[in-house]
Amino acid sequence: MTWSYLLKRLAMFVAVVLLAITVNFIVPRLAPGDPTAAVLEQLLSRGQQVEGSQDIVAAYRARFGLDEPILLQYGRYLLNTARFDLGSSISYFPQKVESAIVSALPWTIGLLAVATVISFGLGSLLGALIAWPGSPRFLKSLSPALMVLSAIPYYLLALIILYLLAIWTGWFPLGGAYSQIPQRFDPSTLWDLAYHAFLPALSIVLAGVGFWALGMRGAMINVLGEDYLTLAEAKGLPKGRIFFAYAVRNAMLPQVTSLAIALGTAASGSVLVEVAFNYPGIGYLLYNALRSSDYFLIQGVAFFLVLTVALSVLILDLIYPLLDPRIQRR
Amino acid sequence: MSGPLLEIRDLSVSYRLGQLQARAVDGLSLTLERGERLGIVGESGSGKSTLALALMRLHKPPAMIESGEVKLGGTDILRLSKEELRRFRWSEISLIPQGAMNSLNPVLRVRQQMADTIRAHRRDLGGKQIRRRIDELLQRVGLDAKVAELYPHELSGGMKQRVCIALAIVLEPKLIIADEPTSALDVVVQRTVIETLKDVQAQIGAALIMIGHDMGLMAQSVDHLAVMYAGRLVDVAPIKAFFTRPLHPYSQMLISSLPSPDETKPLAGIPGMQPSLTDLPSGCAFNPRCPVAQPVCRELVPALLELEPRRRAACHVAAEAYHVV
């Protein structure tokens, strides 16, 4: 890997993040009106008298720096964001937005990232086996079932699972991530965490497995028609070698691209799974922020999501040349 | 061992699509001596590639072998079990495939693709011996040993085809099947690649079946030529006799359609089209296009008869001239 390639990718990463946070800055300011004035107007419309409303608005504008020139505001916003100072949450006041995100982060990574990777691995393997001519017949009959799974919205799946395995049978907890806040990592704590994570993880895995399997099946069918597969068979290679090193290895390439994007969007994409299972991750945080119109928190989470998508694409860009030698590292 | 190296007897391969059945190889019989070079020519869809794949049992559904026998050195290929077939492939018959451009796995280095082939058949060889063998083979086909460390996309078309040739002789098989080995290359590279192929084939003493439709290339590279038309062999002859005195009317027309540097007459094509395999004319499949067709040609399918030693033709008119009917 050359330095210029690395620098180019890093520059791209910075540019994407910069663009996203700029949009994050501009969009609220494009909306007509003024946040403080809006609150006051609401009070007025309910017939309440507010003494000196003009002064209050002005005071608030000064307090939040809204009376300064727009470029100065932008500069300060950039500086604060770069220092991960995302402001204070309104609904969790006086907690800072960044600390709210940081405390939700391990749950989301632990649940969503792991479940997405499991779903990806399982689905890709299934899809590869469905397309492989030598695999048993029952595997091929899975194809329609997987298509149905990929068509069911994941939050619906979550509700069905919740009903069947938690409410009806009572095998699993209804929600939450732990029985009591974990103090240290010992086997029983880990077991408790896994026990709570199982249902949300199951719904994410099931909702995703069809998507991954269908994608992989398509890619495999394409690869199986390639001349190098005929040659691999002619060479008398063992079946396993042909399957993994010739077929799967090539069919995986587009799947890996999808994985990077899926990991990046997992947090926002599975908001409702975290909500359905009361799981204290980023999605749950975002849901609460939206419900309480906690603008700073919404902005903070949005910034964080952009960061994760950009970061996972950056990592993909860096490892992709290792997976596909045709991609040049320049 | 005595007798011919390869004996194909009455081989039929057909594609089945619902009610339709297309017999791409129809009752084909052929023998090949050790070290012999046989060219098989025919128009697109005449069944020559299907034949090549069927000889290694590499055909995929909906193609299926209906009947026949393919014996190589006494082993009936069509009766081998899966594992026997796997071991048989490449160690006895190797293939230089049609699309040399896409015949190499894009994500593996040349060395890895050659080494896995050796390892699949020769458990007795160690890593060092395999390394040395690969380097030596690459040099034998006119490539630098450094090519082993490259990925296929870093090679030119001619280099890829040379790698495929090196790969084909890696286990010193008794038979090499080259399915249009040079169709994707330009004329100059074609020449050198064919020379390389002939050299290494002669060195290891393997027989060669070369499939193609370039008559000029065939004239320079094979000992015998077989012509396929609509799934059947219609003419088999030593290469020199084939060109000086073709027996089958189709062969005559193929030769007269070749451009010649001495004459300035306009090129003669062969009017008409090869018939569809699902809707063959009655009698000889070539009769609608044949300039000398007789009434009998529309009724009876001509048998492939030995008209001269080592010369066979499937034509009523030619057979009559030899009084063998």
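The legends below describe close-up views of a predicted model. Residues are numbered from 1 along each chain as its sequence is written, while chains are lettered from A and ligands numbered from 1 in the order in which they are written. Because the model is predicted, local features need pLDDT of at least 70 and side-chain atom pairs count only at pLDDT 80 or more, whereas totals for chains, interfaces and linings use all residues.

**View 1. Chain A as a helical chain.** Chain A holds 14 helices and zero strands, where helices (H or I, at least four residues) and strands (E, at least two) are DSSP runs numbered from the N terminus. The C-alpha trace of chain A spans about 90 × 55 × 40 Å along its principal axes. Of the 330 residues in chain A, 29% are buried, a residue being buried if 20 or more other C-beta atoms, placed from the backbone, lie within 10 Å of its own. Among the contacts in chain A with a separation of 6 or more, 72% link residues 24 or more positions apart; two residues are in contact if their C-beta atoms, placed from the backbone, lie within 7 Å.

**View 2. The contact between chain A and chain B.** Chain B gives 23 residues to this contact and chain A gives 19 residues. On the side of chain B that touches chain A, α2 (82-88) and α3 (110-121) of chain B each supply at least two residues, and the largest share, four residues, comes from α3(B). That side of chain B divides into 11 nonpolar, eight polar and four charged residues, with Ala, Val, Leu, Ile, Met, Phe, Trp, Tyr, Cys and Pro counted as nonpolar, Asp, Glu, Lys and Arg as charged, and the others, Gly among them, as polar.

**View 3. Strand β1 of chain B and its partners.** Strand β1 (residues 6-17) of chain B pairs with strand β4 (residues 63-72) of chain B in the antiparallel sense over eight bridges, two strands being paired if DSSP finds at least two bridges between them. In this pairing, E7(B) stands opposite K71(B) of β4(B). Nine bridges join β1(B) to strand β2 (residues 20-32) of chain B, and these strands also run antiparallel; R16(B) has Q21(B) of β2(B) as its bridge partner. The hairpin of β1(B) and β2(B) has two residues between the strands, and G18(B) takes a positive phi near 60° there.

**View 4. Helices α5 and α6 of chain B.** The axes of helix α5 (residues 157-168) of chain B and helix α6 (residues 187-204) of chain B come within 10 Å and cross at roughly 10°, the axes being lines fitted to C-alpha atoms over the stretch in contact, with angles from 0 to 180 degrees between N-to-C directions. α5(B) and α6(B) are therefore roughly parallel to each other, a term for angles under 35 degrees. The contact is made by residues including Q161(B) and I165(B) of α5(B) and V193(B) and L197(B) of α6(B).

Definitions and conventions
Buried ≥ 20, exposed ≤ 12 C-beta atoms within 10 Å, placed from the backbone. Parallel < 35°, antiparallel > 145°, perpendicular 65-115°, else oblique.
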